[in-house]
Amino acid sequence: VDFWASWCGPCRAENPNVIRLYKKYHDKGLEVLGVSLDDNKSKWVQAIMEDGLPWLNGSDLKGQASEIARIYGVRSILLDENNRIVAKNLCGKELAKKIEELLKSK
């Protein structure tokens, strides 16, 4: 689960890394669900298209008041096949390393 927003520079800068990992590991079972903290639908949809995000994205369009973001209180979470949280707030090399570790046996 990747929490992001069209207005979030660091989030958008991380998208190419997540796309690379998605393409590399999707056939081994990696799924990504984008949860946007946007409150403007047109900017959110435009960012998905501009960044070429191939996975499912959702938003309640409540911005930073989003209930799901409040519940998790994180930028991103990594879930295993049983929907258990196995990591939080990883990006870049740390994200790649954890995904490789989790999918090593697949």
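Predicted model: local features only at pLDDT ≥ 70, side-chain atom pairs only at ≥ 80, totals over all residues.
1. Residues are numbered from 1 along each chain as its sequence is written, and side-chain values use heavy atoms, with hydrogens and water left out.

2. Secondary structure. The protein contains 4 helices and 5 strands, and their order along the sequence is β-α-β-α-β-α-β-β-α. These elements are DSSP runs, with H or I of at least four residues for helices and E of at least two for strands, and they are numbered from the N terminus.

3. Overall dimensions. The radius of gyration of the protein is 13 Å, which agrees with the value near 13 Å that a compact globule of 106 residues would have; this radius is taken over C-alpha atoms, and the globule rule is 2.2 Å times the number of residues to the power 0.38. Along the principal axes, the C-alpha trace spans about 40 × 30 × 20 Å.

4. Surface and burial. Of the 106 residues in the protein, 40% are buried, with buried meaning under 20% relative accessible area, exposed over 50%, and partly exposed in between, for a 1.4 Å probe and protein chains only. The accessible surface comes to about 6,700 Å², and 53% of that surface belongs to carbon and sulfur atoms; the areas come from the Shrake-Rupley method with a 1.4 Å probe, and for residues only the protein chains shown count as cover.

5. Charge. There are 17 positive and 15 negative side chains in the protein, and the centres of the two sets lie 4 Å apart. In this count Lys and Arg are positive and Asp and Glu negative, while His and the chain ends are not counted; each charge is placed at NZ of Lys, CZ of Arg, CG of Asp or CD of Glu.

6. The disulfide. The structure holds 1 disulfide, a term used here for a pair of cysteine sulfur atoms within 2.5 Å, and this one joins Cys8 to Cys11 with an S to S distance of 2.3 Å. Cys8 is buried at a relative accessible area of 14%, and Cys11 also counts as buried, at 15%. The link of Cys8 and Cys11 is right-handed, with 70° about the S-S bond. Cys91, by contrast, is in no disulfide, and the nearest cysteine sulfur, that of Cys11, is 9.8 Å away; Cys91 counts as partly exposed, at 32% relative accessibility.

7. Helix H1. Asn15 is found in helix H1, which covers residues 9–25, and at 1% relative accessibility Asn15 counts as buried. Not counting residues up to four places away in sequence, Asn15 touches Asp2, Trp4, Asp51 and Leu53. Arg12 is found in helix H1 as well, and with the exclusion of residues up to four places away in sequence, Arg12 touches Trp4, Ala5, Ser6, Ala47, Glu50 and Asp51. Between Arg12 and Leu56, which are 44 residues apart in sequence, the C-alpha to C-alpha distance is 16 Å.

8. Lys41 lies in helix H2, residues 41–51, and counts as exposed at 53% relative accessibility. The C-alpha atoms of Lys41 and Gly92 are separated by 27 Å, and these residues are 51 apart along the chain. Lys98 is placed in helix H4, residues 92–103, and, leaving aside residues up to four places away in sequence, touches Leu78, Val86, Ala87 and Leu90. Lys98 and Asn82 are 16 residues apart in sequence, and their C-alpha atoms are 16 Å apart in space.

9. Backbone points to check. Most residues other than glycine have a negative phi. Leu61 has a positive phi, near 55°, and is located in the loop between strand E3 (56–58) and helix H3 (67–72); Leu61 is partly exposed, with a relative accessible area of 31%. Asn89 likewise has a positive phi near 55°, and is found in the loop between strand E5 (85–88) and H4; the relative accessible area of Asn89 is 34%, which makes the residue partly exposed.

Key: Contact = heavy atoms within 4.5 Å.
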